[in-house]
Amino acid sequence: MQDQAAHSMAAQRPASGLFGGRAVDCDVHISVPSVKALLPYLDSYWRQQFLTRGIDRISWNMTSDPPNAPLMIRPDRRPANGRPGSDFSILKDKHLDLFGPSAAIANCIYGGMALHSEDMAAVVCTAVNDWIAAEWLDRDPRLRASIVVPLNNPDLAAEEIERRAGDPRFVQVLMLAMGEQPLGKRAHWPIYAAASRHGLPIGVHAGSLYHHPALAGGYGSYFLEDYVAQAFGFESCVLSLVSEGVFAKFPELKFVFMESGVTWLPAALWRFDKTWRGVRAEIPWVKTPPSQVVRDHIRLTLQPFDAPDGAGRLERFCEQMKTDEMILFSTDFPHWHFDGEDALPIDAASPLARKILWDNPRATYPRLNALSPEVAA
Amino acid sequence: MSKSRFVVARTSDVAPGTSHRVSAGGRDIALFNLSGDYFALGDRCPHESGSLCAGKIVGFAEADEPGHYRIVRDGEFVRCPWHGWEFDIRTGKSWCDPEKSRVRAYQTGIASGSDLAEGPYVAETFKVSVEENYIVVEI
Amino acid sequence: MSMDLLDPRERRKAGGALQGLGVVDCDIHPQFATPGEIHDFLPERWRDYVRAYGGFYRQPLADTLAHPRMAPDVARGDAWPPNGAPPGGDLAFMQAQHLDANNVDHGMLMPLNRGPGNQRNLEYGAALATAVNDWQIACWVERDPRLHASIVCTQEHAPFAIAEIERCANDPRFSQIMLPPKSLEPLGRRKYWPIYEAAQAHDLPIALHVGGVNGYSPTGSGWPSYYIEEQHTNVQGMQGLITSMVIEGVFEQFPKLKVVLVEGGVAWAPALKWRLDKHWKRLKSEAPHLKRLPSEYIRDHFWFTTQPLDEPPDDADLLETFELVGLDRIMFSTDYPHWDFDEPSFVAAKLRIGPEKLRAIMSGNARELYGLS
């Protein structure tokens, strides 16, 4: 563990790339090329299960994350072979070296967490985290990662957090926006307790276990509908996390919504505050307007920024939210939300850009707090 | 601005724990009786003008953490019958936005140093006194 | 800052802008005077059915939702008629307290009673729909011609739905067709297209009033614990409806169809338009039947009622969202007699727009949409 810490601090790149090191990319995707890649990280029981049952030959692509859909893979990020997001050299050459963040947080949205067998899901998550450390974090000191946990068993998820927390390169806990129960429910609290203990934010990423349809009216026909509906799922998240009192119970905990979209939030909070004024007695542990709780505890990654280009909506968002501390820079690599290097919808030299690129991520992730863009000898 | 004093009701009109609506000086007023102390609020929620007199008289629900509920100051709050905003009968202060709420000092005797900042979250209050068996309100 | 809501001059000014203006209230909920009132409109066979079995929904509690509401009968505390009828159940009281007092020229009825469209027993649902439609006319529209009925139907089975629509569509006392947003499939799906075909043919808008019971959780992440969360899902319901109807190509198929979203609020709509446009541009190949931007379909085909009025801290934000949706697409509503009722002069005061635009929202847009005098 000491080696890992020394590794990440001492071997930082010199200031370079588009942002000269003064940036943290809070959402890049890495993907497991195949189940086979996890076999070395399984014990003899699970290796035998996987081999005899042919599990090593199947795909665990997630329905909410089709790897080849145009939005999910920018053409110049597509590997010659293999699954999008599985090629380290593309991440490094076409992205990290280009943008030059001092750190990039890798999120592995992997179908193993959707397995109904709680033990198998837990074992797969542990294997994925081992694989992330060996195949990604060890290869580039800029990389950080979210701890993948089995969403169907919060106690086993808490165990994985404990197991992984000693590696400082893991900087948050990964959950999906749409699982079995709203994320504020007490069933999830063992995860939040473990994360709180270790100063790890919870990173809620767009995605669904499809225990419920994404639309209230049922299952639609198109991925486009479900992708747009991710924002509706995050809106429910806000309501749940605040109403259930997660932040009353865990006052130090922060949540980062990733690939959630941004511009839907102000109207949601206007309404939440309005309703709360009269319904307050139902949730009396919420002692300030919900918008204040959100301002203090919830952050959003930048991409996809769902507004017309050049319309000034990022600045308006900050005005409406009454804070410039909520947005965390992200590219959502390799998803196709922007062309070229246009990851930032505002002038990169502006004070707001500096907050988004650099200050806000470091304030949100305690393990990145001491990050510096300059090289350490 | 000089105020006038109006006899608006008999004390027996307002039983403890109830509200009673009167009109005086061009205003609709909700009278409350908290264990023998009388209070008067403008009978108009500052939100959308619902009649506070038609609202339920309640205590204030509190919780230190999720799942542990208690009521304090039972009977000292009124909920607007429309959107449910809660008002402290004694002060007119709404608890839905404590940062913005201030006591509106119509009364003499309230420290003049109090903030008089008005917000949309305060019900108008009126000074009330009892003379013999009559309730007198200053408007 | 909304401090001047307290200012009597501001409210009189707003009231002044409304003086002489008969408003159109696009959301009024009539209620049965007694639970048995609807039985008069049901054939004997279904009266027996109701006595023995009652309603049969996709939910655990037979007679009510598992998220209790914040007020008895979901109503304003002062809306209980003195004659003992439930809120909304007495026309004379509704006239005095609301229609006359608030200068309502036209009121669009939104009957939420017994959810014909959500009944699992489709035949009962069809009979109930007929009964509710007849009841609206007999007990409300005939007695007060300011009121206009909505055709309810069993949307899950097109033949029954079409039969009821055809029965009522040529009766000018019905102004629209009402469907519950909580249907068994998202309402853009082909299953429901025969209803849209009939609506377009009869030039009747489709009204989608929040609510309904379809057995799915109201969020994509499962069942929320608290009423405050569940109440908010009215928004996600509307967001999902627009998404489904637009992306499924309903408006390519039925270019004259008009949809009214009732009681969902408004302020969430601009961000949804931006989001749909942005992601559709990238995923066009999945839905090549769409020839225009999603936001263009929304602009042309959707109307929004004002209640519950969004209350951003800065009134300028309210106006901006209304303008982004289109001031000509917004129609005043009160939701009488429910607790989150909006009072007309409150709405008028919050909307700092000139009298002409105000009148359009409080009255003109609805008159034009529904062809009212």
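This is a predicted model: local features need pLDDT of at least 70, side-chain atom pairs count only at pLDDT 80 or more; totals for chains, interfaces and linings use all residues.
**View 1. Helix H4 of chain C, end to end.** Here we follow helix H4(C), which covers residues 122-141. How far apart are its end C-alpha atoms? They are 27 Å apart. With 20 residues at 1.5 Å a residue, the helix should span 28 Å, so the two values agree.

**View 2. An open sheet of six strands in chain B.** Trace the strands of chain B in the order S1-S9-S8-S4-S3-S2, and you will find that the pairing is antiparallel. Which strands sit at the edges? They are S1(B), residues 5-10, and S2(B), residues 19-24, and each of them pairs on one side only. From one strand to the next, the twist averages 30°. Zoom in on S1(B) and you meet S9(B), residues 134-138, running antiparallel to it and joined to it by five bridges. For B:Phe6, the bridge partner in S9(B) is B:Val137.

**View 3. The place where chain A touches chain C.** Chain A brings 59 residues to this contact, and chain C brings 56 residues. On the side of chain A, strand S4 (170-178), helix H7 (223-243) and helix H9 (265-279) each supply at least two residues. Which element gives the largest share of that side? H7(A) does, with 15 residues.

Key
Residues are numbered from 1 along each chain as its sequence is written. Chains are lettered from A and ligands numbered from 1 in the order in which they are written. Helices (H or I, at least four residues) and strands (E, at least two) are DSSP runs, numbered from the N terminus. The expected span of a helix is 1.5 Å times one less than its number of residues. Two strands pair if DSSP finds at least two bridges between them. Axes are lines fitted to C-alpha atoms, for helices over the stretch in contact, and angles run from 0 to 180 degrees between N-to-C directions. Two residues are in contact if their C-beta atoms, placed from the backbone, lie within 7 Å.
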